[in-house]
Amino acid sequence: MQAVRLPLMSLTELLNVVRPSGLLSPDAILDAIKVRSESRDMDLNYRGMLIPEENIATMKYGAQVVKGELKSALLDGDTQNYDLDHGFSRHPIDDDCRSGIEIKLGQPSIINHIRILLWDRDSRSYSYFIEVSMDELDWIRVIDHSQYLCRSWQKLYFPARVCRYIRIVGTHNTVNKIFHIVAFECMFTNKTFTLEKGLIVPMENVATIADCASVIEGVSRSRNALLNGDTKNYDWDSGYTCHQLGSGAIVVQLAQPYMIGSIRLLLWDCDDRSYSYYVEVSTNQQQWTMVADRTKVSCKSWQSVTFERQPASFIRIVGTHNTANEVFHCVHFECPEQQSSQKEENSEELGTGDTSPAGQQLDPHALQAPSGNSLPSSPGSNPRSSNRQHQ
């Protein structure tokens, strides 16, 4: 009888079925009624199906989209074929958050991991939150990214819960007042994860193309050279990202907010020059917090930056000095710092990112100095001189 969850039974069942059976004392029945009447629905000890490491938001498991526009696209498993006109589900963004996209699972299930693909065919960002429920009346918020800017794939973790309904509510779109989502997956995972203030504390580098990070400000000959994990193949002409001193910066956007306490940079080091710089982080591109001030330090090659862990989805690196010319050059960026690859001048560096493109992203070539002239891309070029330095 210890395994029977009396508080999940209705008052009618407790009085007309359980009580006449004589299997339980009146006190046990009264205790169950007390728990039922004083607890919110989502705090009751529901049973749920547990299917580890498999997406259960599929037709195979009886899942369906019950609210939202263009419902059929969300669970079709297609994460490649979508554009401005098709391949996504959507809802209008309103101030009272009454709209949303709601998925009904085939049966009550235990989940702790959700993956969603936000529409990412341009550089827009979204804000949203996710709630779960058993009865569509009592909702528990498991993810709250309503104050953060997010883009592309969202890999979300939270303490395991039993639920039947999942609701995604978009609260902001940097382009218009519609929330677009291409794909939705949910499951229970045995993968270990650490949460702080509801955000993931990553152990592995999340500033990679595979994790949908992107360089949104800075100039480079190849898109996202800063994030491709290549720390060996760079020279005077390629393999780095730069900005003109006193103008602009190098800005990396992570796909979602993380709790970050360290970063690591490789400054261009094919000669004996040194740089000075500072680093700021933000969750919204409006308020920035400085986490490293090396404006009065001569810095070369690998740079480790550690700071108090805090939410971040944007990292801005601003060069302030270069002993060779008026441009700041950075070869590699990772976040958090990976301890496995130590800062040795001739060490064998491991690649930390996939070189395949992750959706449409801003082309650093299109970014220019305020004067309208393209920034000098070569570490050997000087804006004040047309003479090219050679190795």
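First, my burial scale: a residue is buried under 20% relative accessible area, exposed over 50% and partly exposed in between, with a 1.4 Å probe and protein chains only.

On provenance, this is a predicted model, where local features need pLDDT of at least 70, side-chain atom pairs count only at pLDDT 80 or more, and totals for chains, interfaces and linings use all residues. Residues are numbered from 1 along each chain as its sequence is written, and side-chain values use heavy atoms, without hydrogens or water.

**Ring pairs**

I searched the whole structure and found six aromatic pairs. Rings of Phe, Tyr and Trp (its six-membered ring) pair if their centres lie within 6.5 Å; planes under 30 degrees apart are stacked, over 60 edge-to-face, the rest tilted.

Tyr-126 and Phe-179 have ring centres 5.5 Å apart and planes at 85 degrees, so I logged them as edge-to-face. Tyr-126 is in strand β4 and Phe-179 in strand β7, 53 residues apart; strands are DSSP runs of E, at least two residues, numbered from the N terminus. Both residues are buried. Ring pairs also join Tyr-126, Tyr-128 and Phe-179 into a cluster.

Next I checked Tyr-157 and Phe-193, a tilted pair at 4.9 Å centre to centre with 35 degrees between the planes. Tyr-157 is buried at 10% relative accessible area, whereas Phe-193, at 28%, counts as partly exposed.

**Charges over rings**

Here I want NZ of Lys or CZ of Arg within 6 Å of the ring centre and within 35 degrees of the ring normal. Arg-141 lies over the face of Phe-129, 3.6 Å from the ring centre. Arg-264 lies over the face of Trp-302, at 3.7 Å from the ring centre.

Terms used: Helices (H or I, at least four residues) and strands (E, at least two) are DSSP runs, numbered from the N terminus.
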